[in-house]
Amino acid sequence: MKKRRPFSIILYIAILALVFSLIFGIFGNGTDDVPYSTVVKLLADGQVKSFVVEGDKIALSLHTPYDGKSELICDLADAASFRAQVQDILDIQTATGRLESYHFVPQQGWSAFDFVLPLLIVGLVLLILWFLLMSRAQAASGGGPANNFGKARTTLGVPGDKKVTFNDVAGADEEKRELQEVVDFLRDPEKFTKIGARIPHGLLLVGPPGTGKTLLARAVAGEAGVQFLSISGSDFVELYVGVGASRVRDLFEQAKKLAPAIIFIDEIDAVGRKRGSGLGGGHDEKEQTLNQLLVEMDGFARTEGVIVLAATNRPDILDPALLRPGRFDRQIYVGVPDAKGREEILKVHARNKRLDSSVDLKVVALSTSGFTGADLSNLLNEAAILAARDNRPVINMEDLNEAMMKILAGPEKRSRVRLAKDLRITAIHEAGHAVAMYNLPTHDPVKQISVVPRGQALGLTWSMPKEDSAHLTRNEMYEQIVSLLGGRVAEELFLGDISTGASNDIDRASKLARDMVARYGMNKNLGTVSYLGGGEVFIGRDYQTTKSYSEQVAGTIDQEVKLLIDKAYQHCADILRANEAKLMQVADYLVEHETMTGDQFAACMEGREVGEASSTSLFDEHISKEEE
Ligand code: ADP
Ligand code: MG
Ligand code: ZN
């Protein structure tokens with residue numbers, strides 16, 4: 001749908017400004033043919049036949065053309081001082097007869113242009129103000145027919161668009177089943193209303209970014225073959241009071257006209273935030289918009305064949321009124337896919353890509369625990385780019401491996417110049433992580449150690465979970481803290497000095513420790529109480545409520561966090577001290593070869609010969625598992 005935007009005002013202004021600057025350019029001042037110094041030079045050289053100074057402008061007439069012109073104009077800063085400066089020259093040139101005549105004419109009052117200019121400016125400013133006032137008034141009154149400012153800027157799923165169906169959404173079987181009801185209803189509303197079934201008219205898709213919420217909503221429309229009006233929550237948020245509300249009104253009107261239809265409000269948290277939570281001004285507008293949304297959702301009858309879908313990754317900040325019965329009373333949780341789901345998603349995205357026969361998507365799926373659909377799509381795309389860059393017709397396993405590393409840690413930076421000293425520090429640091437991991441029973445096995453800088457990191461030690469696991473036990477969390485400290489502890493023990501390279505590790509270790517103590521109730525002294533609440537601190541809502549505990553408890557939390565970290569530090573130091581020789585062996589190997597595979601590392605730790613690197617693939621373990 002093509003619509004006239006309020007931006008056309010800006011277009012008018014731009015055209016006016018253009019016309020204006022043209023006028024300005026033709027009649028205005030900046031018309032010097034030559035600089036002042038050239039004028040003096042031409043006079044001194046006897047090139048000037050005659051000249052007239054009028055006001056502060058000089059018009060020269062030359063004997064021979066200068067720069068292709070025999071008439072020149074130049075601005076003099078001040079005619080009187082010009083005359084004083086060149087009087088000697090004028091006398092000489094007049095005497096030699098080269099300068100035939102000259103006149104100094106005083107400024108002749110105001111030129112017409114001097115009046116026109118300010119008038120034009122004032123007129124223009126008034127015009128702009130008028131436009132702004134008009135659009136504001138119309139928006140507040142719901143928008144007249146000649147004005148589209150208050151209209152909802154929706155995207156209509158025009159027939160003929162590439163239709164998205166449930167086939168394009170892989171995995172997500174639960175979610176699809178729930179949404180199938182909606183599809184059935186939209187296909188044949190009467191079947192449901194006849195027997196008095198209530199179909200929820202608001203469904204909220206909740207889940208982390210990239211899990212396919214938007215995709216699912218599109219698929220529902222595609223499956224049902226109905227109109228799909230999609231709008232993003234941020235489209236309602238405007239500078240002018242009343243615009244958002246009028247857009248909501250318009251959106252529902254459009255949908256009723258097109259029914260059966262789906263209204264999809266993406267990122268609804270932008271408008272649906274809890275009321276009365278704004279910091280600073282501007283929340284009146286948001287409240288009006290939200291109120292209007294609530295009114296519209298209550299207002300349309302179930303028989304009208306309009307279903308409202310919305311998506312958010314922050315359901316916790318939504319206004320509770322939105323979630324009441326009759327509004328978004330059904331929530332569908334769209335989660336991060338499991339291994340089987342990942343495999344299916346990979347298959348969907350591999351449809352239009354050429355894969356080498358060595359590529360086993362099952363293996364890739366097993367190694368990508370925690371990836372969302374968007375991540376997986378990105379992984380395949382990055383791999384395709386790598387293959388294309390090397391002019392290879394198919395994507396192979398190495399491409400996927402490199403793409404995965406790139407996504408997880410940023411591209412390898414082989415060119416970054418490093419000092420030998422830095423390399424040694426990094427090698428000992430990473431060896432410290434790896435040796436600690438190896439000696440922690442619940443820790444995932446080391447997959448690869450590298451001292452090649454990637455992204456922000458100087459080096460990396462990868463560990464790979466053997467399987468997906470939804471829970472982290474207290475022991476696992478504690479051992480993660482120990483392994484995170486491994487780098488710092490190794491530096492301290494074996495270099496006698498510590499570096500800044502561990503700052504990220506220490507951040508993460510501290511956060512884990514704080515979570516254990518104050519979020520998950522894993523500390524004896526503080527008991528099974530969550531002091532940190534569910535989400536991160538959010539400007540606005542949590543502003544007044546960030547701290548729901550006393551200063552004394554805060555002190556205890558800090559103390560317990562420190563105790564926990566200290567304990568982990570000691571534990572780590574014990575491990576590393578007991579394994580000093582092996583750690584040094586690993587570090588030496590890293591200094592020389594830069595990367596060490598999980599197998600090589602295990603061999604070293606078991607006192608076997610460190611063989612050639614078989615492959616540096618992150619998918620190794622699963623490959624060998626597959627072959628068994
Ligand atoms: P969200 O709205 O939850 O942030 P999107 O729906 O925008 O996520 O998903 C982003 C992209 O990720 C999609 O365009 C699609 O390519 C891919 N994707 C996500 N989930 C799936 C899935 N279940 N099946 C196939 N592709 C998916
Ligand atoms: Mg989305
Ligand atoms: Zn580290």
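1. The protein chain holds 21 helices and 13 strands; helices (H or I, at least four residues) and strands (E, at least two) are DSSP runs, numbered from the N terminus. This is a predicted model, in which local features need pLDDT of at least 70 and side-chain atom pairs count only at pLDDT 80 or more, while totals for chains, interfaces and linings use all residues. Residues are numbered from 1 along each chain as its sequence is written, chains are lettered from A and ligands numbered from 1 in the order in which they are written, and side-chain values use heavy atoms, with hydrogens and water left out.

2. Of the chain's 628 residues, 42% count as buried. Here buried means under 20% relative accessible area, exposed over 50%, and partly exposed in between (1.4 Å probe, protein chains only). Contact means heavy atoms within 4.5 Å. Among contacts between residues at least 6 apart in sequence, 74% join residues at least 24 apart.

3. Helix H3 covers residues 79-96, and its 18 residues should span 26 Å at 1.5 Å a residue. The expected span is 1.5 Å times one less than the number of residues. The end C-alpha atoms of H3 are 24 Å apart, which agrees. Just after the helix, Gly 97 has a positive phi of about 85°.

4. Which residues of H3 are buried? They are Ala 79, Phe 82, Val 86, Ile 89, Leu 90 and Gln 93. These residues pack against helix H2 (36-44) and against strands S1 (48-54), S2 (57-66) and S4 (101-105).

5. The axes of H2 and H3 are 9 Å apart, and the two helices pack at an angle of about 25°. Axes are lines fitted to C-alpha atoms, for helices over the stretch in contact, and angles run from 0 to 180 degrees between N-to-C directions. H2 and H3 are therefore roughly parallel to each other. Angles under 35 degrees count as roughly parallel, over 145 as roughly antiparallel, 65 to 115 as roughly perpendicular and the rest as oblique. On the H2 side the contact is made by Tyr 36, Val 39, Val 40, Leu 43 and Ala 44; H3 supplies Phe 82, Gln 85, Val 86, Ile 89, Leu 90 and Gln 93.

6. Helix H13 has 17 residues and reaches 24 Å from its first C-alpha to its last, close to the 24 Å expected at 1.5 Å a residue. Its buried residues are Gly 373, Leu 376, Leu 379, Leu 380, Glu 382, Ala 383, Leu 386 and Ala 387. The cover over them includes helix H11 (339-350), helix H12 (361-366) and H14. After H13 comes Asn 391, with a positive phi near 55°.

7. How do H13 and H14 cross, and at what angle? The axes of H13 (residues 373-389) and H14 (residues 397-409) come within 8 Å and cross at roughly 125°. That makes H13 oblique to H14. Residues of H13 in the contact include Asp 375, Asn 378 and Leu 379, and those of H14 include Asp 399, Leu 400 and Glu 402.

8. Two further residues deserve a check of their backbone angles. Most residues other than glycine have a negative phi. Asp 67, in the loop between S2 and strand S3 (69-75), has a positive phi of about 60° although it is not a glycine. Asp 67 is exposed, with a relative accessible area of 66%. Ala 172, in the loop between strand S5 (155-156) and helix H5 (173-187), has a positive phi near 45°. At 24% relative accessibility, Ala 172 counts as partly exposed.

9. Leu 485 lies in helix H16 (residues 474-495) and is buried, with a relative accessible area of 4%. Leaving aside neighbours within four places in sequence, Leu 485 is in contact with Ala 509, Ile 565, Ala 568, Tyr 569 and Cys 572.

10. Val 248 lies in helix H8 (residues 243-258) and counts as buried at 1% relative accessibility. Val 248 and Leu 290 are 42 residues apart in sequence and 8.8 Å apart in space, C-alpha to C-alpha.
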